[in-house]
Amino acid sequence: MNRSSTIGAQAIFMSPAVLLAATIMLPPLFFILYTSVHGTSLSLHEYREIASSSLFRRTLGTTLVIAVASSVLSVFLAFIVAVHLARQTARRRTILLVLVLLPLWTSILVKCFAFTIILGRDGILNGILSWLFNTKIQLPLVLNRIGLFVGLTNSLVPIAVFPILASVLAIDDSVYRAASIMGAKPARILRTITIPLSLPGILAGLFTTFVYSLGAYIVPSLLGGPRDQMLSNLVDFYNRQVLDWPRAAAISVVLLAMISVFGTPLAFWRQRKGIGGARV
Amino acid sequence: MNRRPFSTVSRRSFLACASRAIVAPMVMKTSGAFADSDIVTLTSTGGSYQENVTRTVLTPFTEETGIKVNIVPMPNMAKIKAQLLTGNVEWDVVNLPGTDAQFGSKQGYWEKLDPSMFDLSDLVVPPTRDVVTAQLYAQGIAWDPEKFGPRQHPANFAEFFDIKAFPGRRALRPDGPSTLETALLGDGVAPKDIYPLDVDRAFKVLGRIKPSIAAWPATTTQSISLLQTGEVDFSMTYSNRVKATMERGGGKPMAFSLDQTLIFTDQFVVIKGAPNKANGMKLLAYLVRPEVQARLEEAVGLIPVSMKAGAMLSEAARKWQPNLRDPKNLVISDPYWSDNYEKVQSRFKEWIQT
């Protein structure tokens, strides 16, 4: 079967879903764009306003820093999990995968309040440390960037594990065998085989978690500190609290544009990976 | 709704909303055709608060008038604006914090009231031309009584801002309305001279204690839970929320100072073009009747707007009522904030982040 017929067949099966998604998604998105330029007057006033607003610029900076850091952190943790999972038998892996998915099944609100109890100054973790060292320990682990990263990675790691696991599993066992026959130590195998060959999954995980964390809203409000507020919190402020919809719409458009900029390579890249996979 | 001391949407109110969505087309048609419909729609914030309102106000109202009350969740100004813009008004009576009600009044969102519906001499805060104040609530200082005994905790705002005499981690609401007033009162401004706010001075005062501000709780629930878990020592929160910690299921009991409080208004309006306007007005008039007010506040623990109701409350409920005549207490100005909210709150948000 050649490639174009596969895509043609895919299009037929996918088109109802795509059409439905487009009818539901596109009109509101268009309306947001329309609101942000004050309707037919096509004014860029709101964009100029937010470009000169130091509140917006500061929040944008925070959002990017947090999104980059939390996606890198999540992918690092997810890589360790994925490599470990790849070494298990298929049955054991299924059971462990359920454990990986577990955080996604719990309400994020409940998780945030639970983390406050675990990480708080008089929380479980500090309690254990205080008991171990027999002195009062009150590490600041919540309501700051640490708490924010704990909360974000908790929900991002499961998302990153899957693409990385798929890549790691796709590596042919004989490559490992060849490497060890030629005397490569585990560290060398990791560096020259596992990481380069699972790069597709790592990058996919990186982009996906980055896009997810750009739009984070609940975790920064509940676990982050005052300096960790992100763009979504600002959208909420203009949309719900001061009813300045054009401003809220303009910020949403900027957020959406950023997500598209980082999401588009991901989409293309997945396509290329598909072709590569077919050739092997 | 960050700024309110009530709980958020519950499963029950969601179901109420969902079932309403199904019957809505039918209901709107009938209400359009007949002026004397027998229903009225009310927004509410859900949770145990809504259960109490239903038991003490809405069920007796239905028994007396035959008008059934449909409860829909989450009053939200953005939704009201959307309903008015599209000309598709689905709600009748809306329950809002004072600033929002005032803002909507300026925009012409509400129906005019007939003052003869109310016993004006009985109401602490009389209704305006389109907004009814139905109850008041108090914000003040809360602490853990196990950690801080008498005189070891700040009891008024000057003490709250004195980090030398009362060191400890503080939590304040992340809202300009209330926090800026607290700062100015803490700096010695007399309550009668607070408005218009000296915003620059308020930020300067807040800056003095900034290192001691450990949290700006995003939700009202958190303003209590951070206190209960020992994350903060002194928290600005609402009296009814502290009262709830002493009841079943409230967790660890906390303490609240009634020495000095900020008083907020909780308001009710009828949306312009509401499908059951006449019934909405009847509900508003019923809501501020003394015996209804007494029943309601006995259950939810806020402050009745009816003076006669204040006298009808039990000893236990009266223990939680701040003295509205005490000049130390400040009533938050809704007109000031409806004019200045966006400007001041933007600056406030930025200040918090730096």
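Colleague: Into which domains is chain B divided?

Modeller: In this predicted model, chain B is divided into domain 1, made of 11-136 + 266-318, and domain 2, made of 137-263 + 325-353. The centres of the two domains of chain B, taken over C-alpha atoms, are separated by 28 Å.

Colleague: What area do domain 1 and domain 2 of chain B bury between them?

Modeller: The size of an interface is often given as the accessible area lost when the parts come together. Here the two domains of chain B bury about 1100 Å² between them, with 62% of it on carbon and sulfur atoms. On the side of domain 1 of chain B, Thr99(B), Gln102(B) and Leu136(B) supply 36% of the area buried against domain 2, more than any other three residues.

Colleague: How many salt bridges does the rule find across the interface of these two domains of chain B?

Modeller: The rule finds one salt bridge across that interface. A salt bridge is also present between Lys106(B) and Asp339(B), whose closest N and O atoms are 2.8 Å apart.

Colleague: How would one describe the contact between chain A and chain B in the same terms?

Modeller: That contact takes 26 residues from chain A and 32 residues from chain B. The area buried between the two chains is about 2800 Å², and carbon and sulfur atoms give 58% of it. The count of salt bridges between chain A and chain B is one; the side chains of Glu350(B) and Arg58(A) meet in a salt bridge at 3.9 Å, N to O.

Colleague: Let us turn to aromatic rings. How many aromatic pairs does a search of the whole structure find?

Modeller: The search finds 18 aromatic pairs over all chains. One of them is formed by Tyr137(B) and Tyr238(B), at 5.8 Å centre to centre and with 70 degrees between the planes. Planes over 60 degrees apart count as edge-to-face, and this pair is edge-to-face.

Colleague: Why does the pair of Tyr137(B) and Tyr238(B) tie together separate parts of the sequence?

Modeller: Tyr137(B) lies in strand β4 of chain B and Tyr238(B) in strand β7 of chain B, so the pair ties together parts that are 101 residues apart in sequence. Both Tyr137(B) and Tyr238(B) are buried.

A tilted pair is formed by Tyr195(B) and Tyr336(B), at 5.5 Å centre to centre and 45 degrees between the planes. Tyr195(B) lies in the loop between α6 and α7 of chain B and Tyr336(B) in helix α14 of chain B, so this pair ties together parts that are 141 residues apart in sequence.

Colleague: Is Tyr195(B) buried, partly exposed or exposed?

Modeller: Tyr195(B) counts as partly exposed, at 23% relative accessibility, whereas Tyr336(B) is buried, with a relative accessible area of 12%.

Methods:
Residues are numbered from 1 along each chain as its sequence is written. Chains are lettered from A and ligands numbered from 1 in the order in which they are written. This is a predicted model: local features need pLDDT of at least 70, side-chain atom pairs count only at pLDDT 80 or more; totals for chains, interfaces and linings use all residues. Side-chain values use heavy atoms; hydrogens and water are left out. Rings of Phe, Tyr and Trp (its six-membered ring) pair if their centres lie within 6.5 Å; planes under 30 degrees apart count as stacked, over 60 as edge-to-face and the rest as tilted. Helices (H or I, at least four residues) and strands (E, at least two) are DSSP runs, numbered from the N terminus. Buried means under 20% relative accessible area, exposed over 50%, partly exposed in between (1.4 Å probe, protein chains only). Domain bounds come from an automatic or database domain assignment. Buried area is the accessible area (1.4 Å probe) that two parts lose on being put together, summed over both. A salt bridge is a side-chain nitrogen of Lys or Arg within 4 Å of a carboxyl oxygen of Asp or Glu. Contact means heavy atoms within 4.5 Å.
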